Amino acid sequence: LEKTAASLLAGSQAMAPPIPSAPMGAKMMHVQQPALAVECFLDFCCPFSAKMFNTLYPNRASLFEGKPVEVLFQNVAQPWHPQSACMHEVSLAVKSIDETKFFAAAAALFDHQESFFDENVMDKTRRALYSELVAIAAESTGLDAADIASHLELIDSSPNCGSAVTLPMKFAAKYHRVRGVHVTPTVFMNGVEAPDISSGWSVEQWKDKVDLCL
């Protein structure tokens with residue numbers, strides 16, 4: 001019976017879906033044991049996400065330094081902008097190579113966001129999108145463009161197997177779906193949605209909210 005139970009357990013574990021090797025999200029502040037975790041669910045093709053990112057990231061020192069606050073970037077690829085998936089794949093390729101370069105790549109992708117709006121990419125192939133996005137990521141991070149691009153190449157194990165960043169993309173999609181995130185940006189504080197937070201918030205409004213939560 002013990003052997004049967006052990007074999008059944010081993011079989012169920014073998015069939016279980018993969019689990020991320022670390023908590024989801026890219027850390028902006030790298031705080032040890034934060035009292036407040038701010039999760040920002042953002043899409044690289046969303047102008048409102050860009051507005052929030054461009055308030056938080058350049059002002060991260062004045063907003064969060066010296067405080068027990070961690071800010072987490074959660075990738076949300078919105079399917080009504082198909083190119084959004086390519087943008088997120090490139091960011092996750094950078095993260096898989098060197099996580100410390102993620103936010104430099106993210107900032108650059110947001111800076112070039114309009115180049116990837118629907119009307120500007122309608123007639124572009126997936127490879128053409130990758131090529132442009134990889135160039136942006138490589139220039140902003142100093143990483144080798146060929147190394148980034150290699151993470152986007154199809155794995156040859158099957159005709160529909162995806163690439164090295166397919167699993168991280170699946171984790172990101174599953175994470176925001178199970179959290180009930182639909183629109184971007186969406187912000188969670190210590191695991192609870194904060195629907196009052198707007199992409200139009202100023203630095204001062206963010207400071208007030210963070211201080212209120214500490």
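Guide: Two strands pair if DSSP finds at least two bridges between them; strands (E, at least two residues) and helices (H or I, at least four) are DSSP runs, numbered from the N terminus. The model above is predicted: local features need pLDDT of at least 70, side-chain atom pairs count only at pLDDT 80 or more, and totals for chains, interfaces and linings use all residues.

Visitor: Let's start with the strands. Which residue in S3 does Val 38 stand opposite?
Guide: Look at strand S2, residues 36–42, which runs parallel to S3 and pairs with it over seven bridges. In S3, the residue opposite Val 38 is Val 71.

Visitor: How many residues of S3 are buried?
Guide: Buried means under 20% relative accessible area, exposed means over 50%, and partly exposed is in between (1.4 Å probe, protein chains only). Val 69, Val 71, Phe 73 and Asn 75 point one way from S3, whereas Glu 70, Leu 72 and Gln 74 point the other way, and all are buried. S3 is therefore largely enclosed by the rest of the structure, its buried residues being seven of the seven.

Visitor: Now for charges. How many salt bridges does the structure hold?
Guide: Each one is a side-chain nitrogen of Lys or Arg within 4 Å of a carboxyl oxygen of Asp or Glu. Examples include Asp 211 with Lys 67 and Glu 153 with Arg 127. The number of salt bridges in the structure is six.

Visitor: How many residues apart are Asp 211 and Lys 67?
Guide: The closest N and O atoms of this salt bridge are 3.0 Å apart. Asp 211 sits in helix H10 (residues 203–213), and Lys 67 in the loop between helix H3 (60–64) and strand S3 (69–75). Asp 211 counts as partly exposed at 41% relative accessibility, as does Lys 67 at 22%. The pair links distant parts of the chain, with a separation in residues of 144.

Visitor: What is the relative accessible area of Arg 127?
Guide: Arg 127 meets Glu 153 in a salt bridge of 3.1 Å, N to O. Because Glu 153 lies in the loop between helix H8 (145–150) and helix H9 (166–178), and Arg 127 in helix H7 (residues 126–141), the pair ties together parts that are 26 residues apart in sequence. Glu 153 is partly exposed at 38%. Arg 127 is exposed, and its relative accessible area is 56%.

Visitor: In which helix do both Glu 204 and Lys 207 lie?
Guide: Their side chains meet in a salt bridge, 3.8 Å from N to O. Glu 204 is partly exposed at 47% relative accessibility, and Lys 207 is partly exposed at 23%. They are three residues apart, about one turn of their helix, H10.

Visitor: Leaving aside neighbours within four places in sequence, which residues is Ser 199 in contact with?
Guide: Ser 199 lies in the loop between strand S5 (192–193) and H10. With a relative accessible area of 14%, Ser 199 is buried. Contact means heavy atoms within 4.5 Å. Beyond those neighbours, the residues in contact with Ser 199 are Phe 48, Lys 51, Met 52 and Pro 185.

Key
Residues are numbered from 1 along each chain as its sequence is written. Side-chain values use heavy atoms; hydrogens and water are left out.
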